[in-house]
Amino acid sequence: MKSTKNKVEKSIFEKLFKLRENNTTVKTEILAGITTFITMAYIIFVNPNILKFAGMNLPGIKGDGAAAFNALNDPVVASVFAATCLAAAVGTFVMAFYANLPFAQAPGMGLNAFFTYSVCLTLGYTWQQALAAVLLSGILFIIITLTTLREKIVDALPQNLKLAISGGIGLFIALIGFKSGKIIVSNQETLVTFGNLTTPSAIVTLIGITVTAIFMARKVKGSILYGIVITAIVGIPFGITKLSGIHLISAPPSLAPTFMKFDFAGLLGAGASKGVFAGIISVIMVVITFSLVDLFDTIGTLVGTATKANMLDENGRVKNMKKALMADAVATTAGAFMGTSTVVTYVESTAGVAEGGRTGLTSATVGVLFLCSLFFSGLVGVVPAEATAPALVIVGVLMMSAVTKIDFEDFTEALPAFFTIAIMPFSYSIANGIAAGIIFYPIVKVATGRHKEVSPIIYVLAVLFIIRFIVLP
């Protein structure tokens, strides 16, 4: 009887995911999914702690206040936690059952920082307006995925700029981590400097970075998640981690505080003080940036991982690439409705692929685990910024690896790449870095008589970014 049941189960999985065709088994796929989840589960702690700085917490509570970290006492933070888990599950399930690929999705590191620090804190949009921009970018991404415009944009952006965007975001995320952990602080004379490294916040953060770095160096699966947990525990005697009111298992939080909280009127009118045109240009820049970063981040992950795992078709392209991008676009749109920033395909999926994951059963396993995480919202209330700060620094290190592939020998490639990387942390804006790179790329190419190397799309984007800086200085 048991043998018959196993055959039925295997036939169902075989029909859904074509396991034999991909030379894998149910056991291998499930273990690979668990591995991927462990390596990326840190996002359920980090994402609410970043988005709360955009105002996604109770009114009147400072972003770095202890109460703001307690998801059980703050329904908005709890809602972001739920949105994070649900958006990740939706995107990953679409990847599993539609694209049949072993890649997992969740709100992206870098894009949540762009949402908070660039769109909300720098440009002055409310989080409701920023969510409206994320929704628009998701819809735009669906459209360009259905048409040939996606391929044209991908082909238009120079490879060195794609790599620079990844590296710049890594540096920017690391800066946010150092700042959150009080390692780097503002200075009136030098802009930034070391903080007081003997404070509890700095000590706990440094311990977290060290522990996580050791795990990463020893190639421990789930290094970042383990680092967060250990750092949170270390923070208890320092008074950083608050245990009051902790609930290990609880009912899933309500999505009501963030569900469909769009402010389209405010989004379009945010620049009204500088003119309607300025407001429209600002919105276009925000939406384009969300879309571009999401597009290239996902494509980079898919191509890089698939190449290493020998998951390319006869033409050297990722199998079901268009379906994978559609999963990403649908997840971003769904995530905006629920109340979280842009969803992307996670590079941590490589951990599961390395464990033998080859089909959608791997990602389906990840999706199930994200749904199970909904019952552990109490843990989010325990994790302080000092515990997630090391994760930001380590993710920054991983993203910076892309810089090694940039052609710095060619100055016309090196200069735009450098501006892209440097401007992101120095101006505290991912959008500014991307804009700087796209503006300077055609300038140096035209100046050296190499204008034919520049796609017309880059010229259009450069003009749009220049207009953006003129009307929104």
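Colleague: Why is C120 called buried?

Modeller: This is a predicted model, where local features need pLDDT of at least 70, side-chain atom pairs count only at pLDDT 80 or more, and totals for chains, interfaces and linings use all residues. Buried means under 20% relative accessible area, exposed over 50%, and partly exposed in between (1.4 Å probe, protein chains only). C120 has 7% relative accessibility, so C120 counts as buried. Residues are numbered from 1 along each chain as its sequence is written, and side-chain values use heavy atoms, with hydrogens and water left out.

Colleague: And what makes C372 partly exposed?

Modeller: Its relative accessible area is 39%, and partly exposed lies between the two cut-offs.

Colleague: How many disulfides are there?

Modeller: A disulfide is a pair of cysteine sulfur atoms within 2.5 Å, and by that rule the count is 0.

Colleague: What makes F13 and F17 a stacked pair?

Modeller: Rings of Phe, Tyr and Trp (its six-membered ring) pair if their centres lie within 6.5 Å; planes under 30 degrees apart count as stacked, over 60 as edge-to-face and the rest as tilted. There are 12 aromatic pairs by this rule. For F13 and F17, the centres are 6.5 Å apart and the planes 25 degrees, hence stacked. F17 is buried at 1% relative accessibility.

Colleague: Then why are F37 and F370 called edge-to-face?

Modeller: Their planes stand at 80 degrees, with ring centres 5.1 Å apart, so the pair is edge-to-face. F37 and F370 are 333 residues apart in the chain, and both are buried.

Terms used
Helices (H or I, at least four residues) and strands (E, at least two) are DSSP runs, numbered from the N terminus.
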